[in-house]
Amino acid sequence: VLLLVLMASTVVPVYATSDDMNVNVHAKAVNADGDSVKNDISVTGNIVIAAEEGAISLDLQIEIVGPNGKEETQYLSLESEASKNQNTLLTYEATFYDFASVKGMYYVTVTASSGCIEGSADFKWDPPGGGGGPPQY
């Protein structure tokens, strides 16, 4: 039974791969705003994009949905010069302040696009705590 509980609470970042773009995402509850409560959600990840040369411009849509149906979306734009090895690594981070307020499953979807190339990744987890008090870790 303990093994089953550990497996149910383990969180693994999700990766989505295409021939031209690889997107991954991870999220966790943090205290980003300094109010001593870990109810902010930090979303981080990497994108590897295949490009031969020149500038890379990438648009990101990061959407989070809480167990109570609350939704929020952030949009980011990333720019970089293409790597000489034809695989360019871009990293991103977004914070959703005071979002983890109730217990239950949270869903994050990241969609990245650059011209006609698109990729996405999903992440779901149940952060400890919620319900108005600080999460217990």
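Me: What does Tyr 92 touch, not counting residues up to four places away in sequence?

Reply: Quite a list: Asn 24, Val 25, Val 43, Thr 44, Gly 45, Asn 46, Ile 47, Leu 60, Ile 62, Leu 76, Leu 78 and Val 110. A contact here means heavy atoms within 4.5 Å. Mind that this is a predicted model: local features need pLDDT of at least 70, side-chain atom pairs count only at pLDDT 80 or more, and totals for chains, interfaces and linings use all residues. Residues are numbered from 1 along each chain as its sequence is written, and side-chain values use heavy atoms, leaving out hydrogens and water.

Me: Which residues have the most contacts inside the largest nonpolar core?

Reply: Tyr 92 again, along with Ile 41, Val 43, Val 108 and Val 110, in a core of 30 residues. To count as a nonpolar core, buried Ala, Val, Leu, Ile, Met, Phe, Trp, Tyr and Cys residues must be joined through side-chain atoms within 4.5 Å. E2, E3, E4, E6, E7 and E8 each supply at least two residues, and E4 gives the most, with five.

Me: What makes Tyr 106 buried or exposed?

Reply: Its relative accessible area, which is 1%. Buried means under 20%, exposed over 50%, and partly exposed in between (1.4 Å probe, protein chains only). So Tyr 106 is buried, and Trp 125 at 6% counts as buried too.

Me: Why is the aromatic pair of Phe 99 and Tyr 106 called what it is?

Reply: The structure holds four aromatic pairs. In this one the centres are 6.1 Å apart and the planes are at 65°. Rings of Phe, Tyr and Trp (its six-membered ring) pair if their centres lie within 6.5 Å; planes under 30 degrees apart are stacked, over 60 edge-to-face, and the rest tilted. The angle therefore makes Phe 99 and Tyr 106 edge-to-face. Both residues are buried.

Me: How do you classify the pair of Tyr 106 and Trp 125?

Reply: Tilted: the centres are 5.8 Å apart and the planes 45°. Tyr 106 sits in strand E7 and Trp 125 in strand E8, so the pair ties together parts that are 19 residues apart in sequence. Tyr 106 and Trp 125 also belong to one aromatic cluster with Phe 96, Phe 99 and Phe 123.

Me: How do you know that strand E4 and strand E7 pair?

Reply: Two strands pair if DSSP finds at least two bridges between them. Strand E4 (residues 55-65) and strand E7 (residues 106-114) have seven, in the antiparallel sense, with Leu 60 opposite Ala 112. Strands are DSSP runs (E, at least two residues; helices would be H or I, at least four), numbered from the N terminus.

Me: What makes strand E5 and strand E8 edge strands?

Reply: Each pairs on one side only: E5 (71-81) and E8 (117-125). They flank an open, antiparallel sheet of four strands in the order E5-E4-E7-E8.

Me: Which residues stand opposite Ile 47?

Reply: Val 23 is one, and Leu 90 in E6 is another. Strand E2 (residues 21-30) joins strand E3 (residues 40-50) through eight bridges, antiparallel. E3 in turn has ten bridges to strand E6 (residues 87-96), again antiparallel.

Me: What is the phi of Ser 36?

Reply: Positive, about 70°, although Ser 36 is not a glycine. Most residues other than glycine have a negative phi. Ser 36 is in the loop between E2 and E3 and is exposed, with a relative accessible area of 61%. Asp 98 also has a positive phi, near 55°. Asp 98 is in the loop between E6 and E7 and counts as partly exposed at 37%.

Me: Where does pLDDT stay under 50?

Reply: Over residues 1-15, with 17 contacts beyond four places in sequence, and over residues 131-137, with 15 such contacts. pLDDT is the predictor's confidence in each residue, from 0 to 100. Where it is low, the predicted coordinates should not be read in detail. The chain averages 82, and 79% of the residues score at least 70.
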